[in-house]
Amino acid sequence: MKKIVIIGASHAGISCAEKLRRYGFDGRITLIDRIPGLPVQRPPLSKDFLKYKNVELHGFYLRQKEYYEKEKIELVTGKDVVAVNRESNSIIFEGDSEINYDVLILATGADAKIPDYVRKDISNIYVLRDNEDAVRLKEGAFIANKAIIVGGGFIGLEVASSLRSIGLSVDLIEFAPRLLPRVSSQYISDYLQLVHQKEGVSIHLSQSIEEVIYSKFNKVEAVKLCSGKILRCDVLIYGIGVSPNIKLANDLGLSVADGVEVDSSYLAGKNIYAIGDVAYSSGEFNSRIESVFHAQFSATVAAASITNSPLPSQPVFWFWSDQYDLKLQIAGILPKPKKDEFLRGEVREGKKEGSFSVWNWYQNKLVCVEAVEDSQAYMVGKRLIEQNIPISPAIIKERSADLKEMLKNLL
Ligand SMILES: Cc1cc2nc3c(=O)[nH]c(=O)nc-3n(C[C@H](O)[C@H](O)[C@H](O)COP(=O)(O)OP(=O)(O)OC[C@H]3O[C@@H](n4cnc5c(N)ncnc54)[C@H](O)[C@@H]3O)c2cc1C
């Protein structure tokens, strides 16, 4: 095996190239992305990059230029892969040039969704997925006064927090009856709702847009909610989730659901792997997982599989979010209980004022810990889940018990 081509040079693609070298692969690695320039980390785009006028993208490069040269990773950016030829094992760029591969890795991630009803010729509608979106949004936000954000998931909430910190008024519209409906416990949803309201965000739950009202200058000037309420804006931002980039996988005839179906080594077809946000695993979680940690983990597994190195063991997935001066850390994934099943949750106050954690059990097993400003609870919870150590809600409820001591006794 001599040539590996990775399509997508973001968190997953770059990690995979790095791990291939670490596991001793010394053939050719070509890492391709349609976005020009050096690849940039995504998480700061809704946080520090958006918040601070003078902060620039180069502070967030995933790797410096010298890294790719030193590791002999051929980075090709600003080029779109438009097709893959499975017979000749080659990928085809716009303009018809081709590169051959022995192994192909799809790290094509996902694109931000935008509803069909939105007109495409409007200059003040935004999404946030990559650095080009982020630069556009930042330019628009710094000359705006009023923002409407559609979507109360992590992106919507982080953008709300950043825009409030630069003085915009913010209306946030969420279709579900609570914030973060897909990924957090009710307690965290309620808590973040209060935090955002205290910071001045107007939250509209169980609402959707009935009509977008355009001005004669090809701009959105207001939206009408299904309740009939009219909200005015200078910028309208959609944070309503993503669609995985599955076009190439479809062309290749791979199994595609809500993402490219992979096995436990992230293999999607003969000599083809899919990693990161585009990968759909039908294993324990039966889903796509959108996080930097999963991008890196899946990249490591694929690289190990390609180089016949031992596969890393199944980790506990983790995630973080920064909003205002709060850090939320989540260890584990909240399952979606089936009918007649439920999640048991226990809230525990932390040592620092205002800090706390929510511990979640499913089928009597600790599955997820959500910690606000409480890194000790996050770390202890993560260890307990990782090592599958049984722990009862009663112990967590016991406020006098020291978490670190408790962990020591249980290990
Ligand atoms: C604003 C923002 C904030 C986030 N914050 C957090 C956070 O705090 N914590 C966390 O864990 N996660 C966070 N995430 C999620 C995290 O960034 C993603 O899970 C991660 O980027 C997934 O990496 P990926 O490499 O799989 O996909 P992506 O980052 O989507 O990269 C895919 C790349 O493939 C390229 N590509 C696709 N198709 C082609 C093609 N045909 N030809 C050439 N190139 C192609 C795209 O241009 C893109 O650069 C955030 C995401 C965003 C957008």
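Predicted model: local features only at pLDDT ≥ 70, side-chain atom pairs only at ≥ 80, totals over all residues.
In total, 32 residues surround the ligand, and the closest are S10, D33, K47, R129 and D277. Where do they come from? Domain 1 (3-49 + 59-111 + 242-306) and domain 2 (114-238) each give at least three residues to the shell. By element, at least two shell residues come from each of α1 (11-22), α8 (292-306) and β23 (318-323).

Now for some polar atom pairs. On the backbone side, a polar atom of R34 sits 3.1 Å from a nitrogen atom of the ligand, and a backbone N or O atom of V81 is 3.0 Å from a ligand nitrogen. R42 uses its side chain instead: one of its polar atoms lies 2.9 Å from an oxygen atom of the ligand. How much of the ligand does the protein bury? Of the 1000 Å² that the ligand exposes when taken alone, 96% is buried by the protein.

Let's move on to the sheet. It is open, has six strands with mixed pairing, and runs in the order β3-β2-β1-β7-β21-β20. The edges are β3 (73-77) and β20 (267-269); each has a single partner strand, so one side of each has no neighbour in the sheet. On average, neighbouring strands here are turned by 25° against each other, ignoring direction.

Thanks, everyone!

Note on methods
Residues numbered from 1 in each chain as written. Heavy atoms only, no water. Near = heavy atom within 4 Å. Polar contact = N/O pair within 3.5 Å; in protein donor to acceptor, adjacent residues only side chain to side chain. Areas by Shrake-Rupley, 256 points an atom, 1.4 Å probe, with all protein chains shown as cover. Helix = DSSP H or I, 4+ residues; strand = E, 2+ residues; numbered from the N terminus. Domains from an automatic or database assignment. Pairing = 2+ DSSP bridges. Axes fitted to C-alpha atoms, helices over the stretch in contact; angles between N-to-C directions.
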